[in-house]
Amino acid sequence: MHTYLLKRLLLIFPTLFGVAVVTFLLIRIIPGDVVELRYSGDRGAVSQQLLDQERARIGLDKPVWRQFATWIWGVARLDFGQSMWTGAPIWQEIKLRFALSLQVAVMATIVAVLLAIPLGVLAALKQDTWIDYAVRVFSIAGLAMPSFWLGIVLILMLLIVFQWLPPMVYTPFWVSPWQNLAQLIWPALAVGYRYSAVATRMTRSAMLEVLREDYIRTARAKGLMQKLVLSRHALKNAMLPVLTVVAIEFAFLIGGLVVTEQVFNLNGIGLLFVQAVAHRDYTLLQALVMLVAGAFILVNFLMDVAYAWLDPRIRYR
Amino acid sequence: MATPLAYDLEVVETRRRWPEALRDFGRRRPLGAIGAVVIVFMLLVAGLAPVISPYDPVAIDFGAMLARPSSAHWLGTDSFGRDVLSRLVHGSRTALLVGFGASILGAAIGAILGVGSAYFGGRVDLYVQRVMDIFLAFPLIILALALVAILGNSIPNLIMAITVPMIPRCALVIRASALSIREMAYVDAARAAGFGHARIVLRHMLPNVMAPFLIMLTAFVGQAILLESSLSFLGLGVQEPTPAWGLMLSGAAVEFAERAPWMAIFPGLAISLAVFAFNLFGDSLRDALDPRLRTQ
């Protein structure tokens, strides 16, 4: 098992390196660059010389491989450089927004789990009854509704029914927990409902599988109460695949809320990403993608470790 | 004696006629059948869009700005006085074109990559898998967003941008099914007969991953529609004045949400219903086609 985990750990680096190469090249194919965009307001009034000077200042005049080497050497030392648009250090640009996106991701995951596990277990126990169908329709509907639209409808309902709008300005949790939650609970609900769908279905199918195992029959035959069979024997064993999908979705949530943040006017990682694309802010974009992809790759690795550790039936070469 | 004979005949006759198979699908999987009906309805609406839409979807009428739903405008009008129903009807063309275009392309390329990767195995498999891993690490929307920025936002480019992130997801699933097919005797037989790699992959292996292929395909249509509407909502997808559901939700729809909620509600309902139908249908198709996932 140790060699398997070591191999798995070492595989992280080529993948991350590949992500770095793809990102670096991809964003440089996008037409236009940050210098051109910054002076585009002045139209033809800017001389070519000034543009060249500006490019040289932020290192865009060097050959691409040199730029890449400089950047990747920085990344290896966890130094992502400065934003090409604002000139501020990347970590400073990302810090506050990351805190916000992370909080929404955590809250959405809690919403998703609170919905998914009871519903999934219920659907599995009542397999092929109308309850099962209702749960299935509820969760597929969650997958079908765009969370940005759900957001618009939520805000609209609050406005029409309660004549109340959630605060539009972000307040950190430690400043005013109430203000903070009043703003962030809505995106968390919209996104959490959507993400509960996959977890609900996973809970249902994992429970169905476990309920057919011999040890469940044994537990029932021993005369254990249904409640105890479910909580101690079935649920515990069905949770591993559910944990995996929840964790992977969480990793995506950190950077994948691009559209939802727009609706709720949240200044998080997703919005920053859209701005960075619009400004052709290469360094910021690279850092954001590395952050999001890195989180995904890391969570995947941790899940493999968890599997190897928690499920002794799984053997690895 | 008669009963076992009849039973045998039923087993032998595996090729059923279409209407019968459809009726069976409808009876055993009511949710899937509902999905299929909605999909057929959408295809009809898209096909007959110019005939059934009451107004020109791009005709601006400042006399009827933000009009409430009424007998003249069933679903109201937007901030340019354009008829919401007509824009929805025409928007279904955009949604289906991008949805089917991207998912057929993505699933096809993914299937060829997946089967090829499984067939050749060894180094080829290893490298293809690593490249897929890299692309899987990007969230769908982020990769699509970057590609749209590169390609520009015409509809063919939008399809391309949505296709690319679909490819590794399909390749992964198809490869898993193809791995077991590689070990089949008929693949060995084809190899022994001296057929080339391309022929074995395309003629012998690809048809046998049809079930997962179709499952991925239907699952992707819904996702592609959702992705298109997200990109259009951000202003990076379909451009005005082309009618598209995501686009109808952006800008004015949010601004005027309180005064004219119909502008925001109906396009979202259309997106949800479309994706819902494809997901329901895809789900039931998976249950019907994939015996390993079949419950009991």
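Select domain 1 and domain 2 of chain A: between them they bury about 1,900 Å², 77% of it on carbon and sulfur atoms (buried area is the accessible area, with a 1.4 Å probe, that two parts lose on being put together, summed over both). This is a predicted model, in which local features need pLDDT of at least 70 and side-chain atom pairs count only at pLDDT 80 or more, while totals for chains, interfaces and linings use all residues. Residues are numbered from 1 along each chain as its sequence is written, chains are lettered from A and ligands numbered from 1 in the order in which they are written, and side-chain values use heavy atoms, with hydrogens and water left out.

Next, colour residues 2-76 as domain 1 and 90-316 as domain 2 of chain A, bounds that come from an automatic or database domain assignment. Their centres, taken over C-alpha atoms, lie 32 Å apart. The contact (heavy atoms within 4.5 Å) takes 21 residues from domain 1 and 17 residues from domain 2 of chain A.

Now display D304(A) and R8(A), whose side chains meet in a salt bridge at 2.5 Å, N to O (a side-chain nitrogen of Lys or Arg within 4 Å of a carboxyl oxygen of Asp or Glu). The count between the two domains of chain A is one salt bridge.

Then bring in chain B. The area buried between chain A and chain B is about 3,800 Å², with 79% from carbon and sulfur atoms; 43 residues of chain A and 44 residues of chain B take part in the contact. Across this interface the rule finds two salt bridges. Finally, select R136(A) and D283(B), which form a salt bridge with their closest N and O atoms 3.5 Å apart.
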